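Hello,

Here is the structure I promised to pass on. Please open it first, then read my notes below.

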Amino acid sequence: MVDWMSPAEIAKDAVAFDRFMHALLGLYMWEFAISIQFDWQYISGKKTFRWPMIFYFLNRYCLLFALVGIAIALNVTEEVNCQGLYTFNQCFGNAAIGLASINLSLRTIAVWSRKWYIIAPLILVILGHWSLLLHGILLKAAWVPGQGCVITQTDNKMLAATFIYTMVFDFSVLSLTAFKLFTPKTGKSKLVELIFNDGLIYFMIAFAANLLATIFMLLNLNPVMSIIANVPAAIASTIVACRVVRRLSNYTSRGAEMFPVTTQGSTIAFRSNMSNLRPKGSTKINTKVSTVKSEGVHVQMETFESPTDKNSYVEYDAAGKMGSTDSYDPEAQAISGEFKRPPY
């Protein structure tokens with residue numbers, strides 16, 4: 001049986017922790033490098049910057065600064081202000097955890113079409129989450145000759161409560177997203193499949209990472225093992241949250257397919273009902289196409305006619321062609337060359 005509190009075991013775990021943190025820094029730097037082109041498109045103005053991207057950029061760079069600070073704390077050889085350094089690391093690390101949950105929450109809000117009864121509870125949960133994260137910054141660190149910067153005092157109960165809250169928060173967001181995507185009336189668009197196949201997996205990874213950190217925190221084997229899973233949880237949550245943002249942003253910039261669900265992505269909305277059935281022999285057809293917006297193209301068709309036979313009716317599809325009422329399917333209209341999406 002391992003004596004986790006023995007000095008030899010703690011020293012061995014500290015060495016493992018040091019090497020593990022450097023490996024995680026390399027992992028995040030690789031993730032950061034392969035996605036820096038996406039950031040540059042917004043920084044250079046090639047893509048329109050919208051307010052949700054504030055949380056995306058803060059999430060990425062807060063974690064980067066925290067990891068750099070941790071690397072400095074582990075490798076410093078001369079006496080420094082350890083209290084200030086670890087306060088910096090804790091502040092930016094906790095901010096990255098909170099911002100990752102916000103980015104995942106924004107995807108859920110988008111899936112639910114920004115319903116107020118979804119937004120209001122999530123805002124309250126986010127405020128409670130940040131109150132715990134900011135309170136967890138209160139730790140003590142000091143310079144120890146021969147060892148470097150060492151954390152001398154922390155509140156394990158507060159850290160455990162923070163990670164449990166984060167885990168429950170992420171699970172709630174996962175459940176809300178899954179429930180909405182499993183709803184039959186949601187449809188089977190490519191955007192919904194994207195959120196379902198990628199988004200739910202990302203949500204599960206974030207939940208599992210926080211669950212692992214919570215387990216180590218509650219086991220409290222020794223001071224090192226209690227926090228060894230905290231940084232991996234922050235990195236995993238940040239990576240998956242930022243990937244969700246990039247995946248949806250890249251999808252909407254390429255253009256979306258035609259489907260009848262209101263979502264965060266671009267859509268081509270076309271409404272038709274049985275009142276649009278028109279008789280044969282109509283003498284006047286007036287088609288109006290609305291202004292192209294960044295969110296998509298909305299097509300409206302209005303017809304005015306003088307019917308010659310009230311018993312013979314046909315309908316017009318999205319391409320302006322006459323079709324049979326028996327085979328009419330508003331969700332299965334083929335995209336015609338007459339309604340090509342104009343370039344942005």
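How many salt bridges does the structure hold? It holds 4. A salt bridge here is a side-chain nitrogen of Lys or Arg within 4 Å of a carboxyl oxygen of Asp or Glu.

Some ground rules before the details. This is a predicted model, in which local features need pLDDT of at least 70, side-chain atom pairs count only at pLDDT 80 or more, and totals for chains, interfaces and linings use all residues. Residues are numbered from 1 along each chain as its sequence is written, and side-chain values use heavy atoms, with hydrogens and water left out.

**Salt bridges**

Start with Glu-31. Its side chain meets Arg-246 in a salt bridge, 2.8 Å from N to O. Glu-31 lies in helix H1 and Arg-246 in helix H9, so this pair ties together parts that are 215 residues apart in sequence. (Helices are DSSP runs of H or I, at least four residues, numbered from the N terminus.) Salt bridges with shared partners join Glu-31, Arg-243 and Arg-246 into one network. The Arg-243 to Glu-31 bridge also has its closest N and O atoms 2.8 Å apart.

How open are these residues? Buried means under 20% relative accessible area, exposed means over 50%, and partly exposed lies in between (1.4 Å probe, protein chains only). Glu-31 is buried at 3%. Arg-246 is buried at 10%. Arg-243 is partly exposed at 27%.

Lys-12 pairs with Glu-9, the closest N and O atoms being 3.5 Å apart. Lys-12 is exposed at 53%, whereas Glu-9 is buried at 10%.

**Helix packing**

H1 (residues 7-34) packs against H3 (residues 52-75) at about 150°, with the axes 10 Å apart. Axes are lines fitted to C-alpha atoms over the stretch in contact, and angles run from 0 to 180 degrees between N-to-C directions. H1 and H3 are therefore roughly antiparallel; the cut-offs are under 35 degrees for roughly parallel, over 145 for roughly antiparallel, 65 to 115 for roughly perpendicular, and oblique for the rest.

The second pair is H4 (residues 82-111) and H6 (residues 156-182). Their axes come within 9 Å and cross at roughly 15°. That makes H4 roughly parallel to H6.

Best wishes

Notes. Helix = DSSP H or I, 4+ residues; strand = E, 2+ residues; numbered from the N terminus.
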